[in-house]
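Here is a short briefing on one structure. Read it with the sequence and the 3D view side by side.

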Amino acid sequence: MTEKILMKGNEAIAEAGIRVGCRYFFGYPITPQNELPAYMSRRLPEVQGTFLQAESEVAAINMVYGAAGAGGRVMTSSSSPGISLKQEGISYLAGSELPCVIVNITRGGPGLGGIQPAQSDYFQATRGGGHGDYYTPVLAPQSVQEAVDLTMDAFDIADKYRNPVLVLGDGMIGQMMEPVEFKKEITPDQLPEKKWATNGAAGRKPNIINSLRLQPEKLEELNLKLQEKYMAMKKAEVRYETDNIEDAEYILVAFGTTARIVKSAADMAREVGMKVGIIRPITLFPFPEDVIAKASEKARFILTVEMSLGQMVEDVRLSAKGRCPVYFQGRTGGVVPKPGEILDNLKRLAGGGK
Amino acid sequence: MAVEDYLRMEKLPHIWCPGCGHGIVMGAITRAIEKNGWDKNKVVVVSGIGCSSRAPGYMDFDTLHTLHGRAIPFAAGVKMANPELHVIVITGDGDGAAIGGNHLIHACRRNVGLNIVLLNNSIYGMTSGQYSPLTPEGALATTSPYGNIDPAFDLCNLAMGSGANFVARGTAYHIHKLIDYISQGFENPGFSFIEAISQCPTNFGRRNKQRTGLEMMKWQRDNSVDFKKAQTMSAEELKGKFITGIFCDREDKEYTEKYRQLVEQFQEGSN
Ligand code: SF4
């Protein structure tokens, strides 16, 4: 059933959604994710789905809210400035407990920034992003295949918790071509019924979807219920990958595209006799705290590498709790760090340099 | 000479594609400024994001480059803070009519003294060719691979209905008329809206059987109907055509002027 085909990341993410029953997509043009909506506009009519290019990102995310409320598997995609515009809608989706998948093919900021890959939306992604006390699970692929697999899982996680889920890629993941296989093929009729959906109240009491709770106690109740979901996510959904950490004296932490670069740096370091291991968070929320905590007990130091000026490093520090030094190295604005730079830094830090 | 005096010559050549109409319209704007004899130091040019919005990068005035769709609110801020300035907004069909559509109608309604030149190339050019609210029905775009089913706006009617003082539509082909519309619009103290039909051979023409800028300009020539002549034609005769000319040139009071009068009341009252 599965065969490997060569696909661009953006298109592969779109196809992954379709393969798990996503039939609704609402988008707006922005570089570097344009292939994703274009692909959806071509494919969705073929599977009786709906594609619409909205008049803005704000309109698109609210169409997502509508389709999610109607019980469909629905997706939107954008890139950093566009994701900022969607934040109001994402907050409402979280408050109204509606499942959907949002793809951010991150580019450099702040403001208009540039169009090259970046990871500087980490804070926005992992801290909810909009107003209020909420989180969205954040899945960060490092390859096109992983982008496919995680997009498929994102829909399941969204439905399981009735919560928006973010797939956080970057321009590199979106634009790169790699061989991929699609391991699932699910049509909407195979998905469990969403009894809470507002899809016509025939034969049942009308459902209500909203996030308004004027009474403080009722709003607190809603928030406590949401917190319970986030706690459950922290127990069940943490994902990471480790590489050579058993004997490692030095630990590199990186996600997404940067993790691939860090892997080259770690291999180079091993060749010159440095015992370097890697922890790669795959879920950024919930964050893989425990594995980092454990590694921090025996590591000489941890070096976090990001395409930003230091965002995930805060979570790494919170996890390491001061048990070993946590250093940061990053390039930003669309500049991609080079393995050689990371190796040099590792050597310098191991030699006692700061 | 408008070109040398009003352009940042060191920024040229521009990044627009060969055959693109945007340079022609930018040239028309500088010539209209020259024609009106405006003090260069009293002009501020504001843009959002898109191929059209690259123009202020080449224009040698104080220029504000803002975010996608929001050029008009920025410009309104400039004008409210300093009504003495001539504030020009250069926008496009995606920037000005999709994401910025709401801002456009409200600025028309208030009749803020802004000068809008909207470069309509019927497509999102910069992001490689998605349909916009001005893409004709049936046209192919990267996001309408089976032909666009969205009807297009008539922006001149929209601007007129929303309260703009001056509304006109010209084309990159009819360059002298375009300069004239822009010049007249800029002279009107209220909100002026000039739609300039421009061509995008790269992302619209190529996909829609008009391969070159030249072909597209011939299309502009052959399919435009003068405003006065259009009044004598039936809907059937006007099908597939677009109307050019001055749609309205009203003298409703401009917003910052109204606001000045409001403030004056208090100054008199406190004396
Ligand atoms: S993409 Fe189209 S509008 Fe943009 S510069 Fe090229 S021809 Fe002009």
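Axes are lines fitted to C-alpha atoms, for helices over the stretch in contact, and angles run from 0 to 180 degrees between N-to-C directions. Helices (H or I, at least four residues) and strands (E, at least two) are DSSP runs, numbered from the N terminus. This is a predicted model: local features need pLDDT of at least 70, side-chain atom pairs count only at pLDDT 80 or more, and totals for chains, interfaces and linings use all residues. Residues are numbered from 1 along each chain as its sequence is written, while chains are lettered from A and ligands numbered from 1 in the order in which they are written.

**Two packed helices in chain A**

- Two packed helices are described by the angle between their axes and the distance between the axes.
- In chain A, helix H3 (residues 57-69) packs on helix H4 (residues 80-95) at an angle of about 30°, and the axes are 8 Å apart.
- H3(A) is therefore roughly parallel to H4(A). Angles under 35 degrees count as roughly parallel, over 145 as roughly antiparallel, 65 to 115 as roughly perpendicular and the rest as oblique.
- From H3(A), the contact residues include A:Ile61, A:Tyr65 and A:Ala68; from H4(A), they include A:Leu85, A:Gly89 and A:Leu93. Two residues are in contact if their C-beta atoms, placed from the backbone, lie within 7 Å.
- Sorted by class, this contact of H3(A) with H4(A) has nine nonpolar, three polar and two charged residues. Ala, Val, Leu, Ile, Met, Phe, Trp, Tyr, Cys and Pro count as nonpolar, Asp, Glu, Lys and Arg as charged, and the others, Gly among them, as polar.

**Where the chains meet**

- Eight strands of chain B form an open sheet with mixed pairing, in the order S2-S1-S3-S4-S8-S7-S10-S9. Two strands pair if DSSP finds at least two bridges between them.
- Strand S2 (62-65) and strand S9 (224-226) of chain B are at the edges with a single partner strand each, so one side of each has no neighbour in the sheet.
- From one strand to the next, the twist averages 20°.
- Strand S7 (residues 166-171) and strand S10 (residues 242-249) of chain B pair in the antiparallel sense over four bridges. B:Phe166 has B:Asp249 in S10(B) as its bridge partner.
- Helix H10 (residues 213-223) of chain B lies across S7, S8, S9 and S10 of chain B, at about 35° to S9(B).

**Around the ligand**

- Residues around the ligand include B:Trp16, B:Cys17, B:Cys20, B:His22 and B:Cys200. A residue is near a molecule or strand if its C-beta atom, placed from the backbone, lies within 6 Å of it.
- Helix H9 (residues 201-205) of chain B gives the most to this shell, with three residues.
- The shell has seven nonpolar, five polar and no charged residues.

**Backbone details**

- A cis peptide bond links A:Phe285 to A:Pro286, with omega about -5°. A:Pro286 sits in the loop between strand S12 (283-285) and helix H10 (289-298) of chain A.
- Another cis bond runs from B:Leu12 to B:Pro13, with omega near 5°.
- A:Arg162 is not a glycine, yet has a positive phi of about 50°.
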